[in-house]
Amino acid sequence: MQKLVILVMVFVGLLLVGWNGFPKNELLEETLYTRYHSYLDQTYSDFILCPRIDKIERIEGDTRRHIVHASALNYDGHHGDVPYDRIHITLTDTPEKGVKINKVTIQKGISEKESLIQCGKGN
């Protein structure tokens with residue numbers, strides 16, 4: 001159910017802004033993050049904001065095997081005076097083993113400046 005809610009949120013966002021309203025790299029990041037978020041259910045299942053693919057590395061130069069470093073903000077920080085937490089995810093994506101979450105860390109109470117940078121609104 002949560003996966004469906006996330007997909008619907010992304011789709012509604014696209015409809016509100018228009019299909020061509022987002023830069024291509026931002027759409028790619030959202031698509032990849034939505035794919036990978038479904039694997040976080042056991043480790044981190046809260047809603048997220050401002051997903052980013054921070055870095056993608058090929059495994060031994062293979063174009064089908066990757067290590068992905070991603071981050072996002074927790075949705076709870078969106079309400080009231082609660083500061084945002086930043087979620088950092090490292091995963092491996094290969095054809096033979098699929099997606100494997102290697103590490104999830106939570107950076108508690110980031111600054112407003114850092115949250116704006118995460119959301120692409122700051123320097």
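Which residues does Leu-91 touch, not counting residues up to four places away in sequence? The legends below answer this and describe other close-ups of a predicted model, in which local features need pLDDT of at least 70, side-chain atom pairs count only at pLDDT 80 or more, and totals for chains, interfaces and linings use all residues. Residues are numbered from 1 along each chain as its sequence is written, and side-chain values use heavy atoms, with hydrogens and water left out.

**View 1. Surroundings of Leu-91.** Leu-91 touches Tyr-36, His-66, Ile-67, Val-68, Val-99, Lys-100, Ile-101 and Asn-102 (contact means heavy atoms within 4.5 Å).

**View 2. The largest nonpolar core.** A nonpolar core is a set of buried Ala, Val, Leu, Ile, Met, Phe, Trp, Tyr and Cys residues joined through side-chain atoms within 4.5 Å; buried means under 20% relative accessible area, exposed over 50%, partly exposed in between (1.4 Å probe, protein chains only). This core has 13 residues, and those touching the most other members are Tyr-33, Tyr-36, Ile-48, Ile-53, Val-68, Ile-89 and Leu-91. Two or more residues come from each of α2 (24–37), β1 (48–59), β2 (62–74) and β3 (86–94). Helices (H or I, at least four residues) and strands (E, at least two) are DSSP runs, numbered from the N terminus.

**View 3. The disulfide of Cys-50 and Cys-119.** The sulfur atoms lie 1.8 Å apart (a disulfide is a pair of cysteine sulfur atoms within 2.5 Å). The S-S torsion is about 90 degrees, so the disulfide is right-handed. Cys-50 lies in strand β1 and Cys-119 in the segment after α3 (112–118), 69 residues apart. Cys-50 is partly exposed at 22% relative accessible area, as is Cys-119 at 26%.
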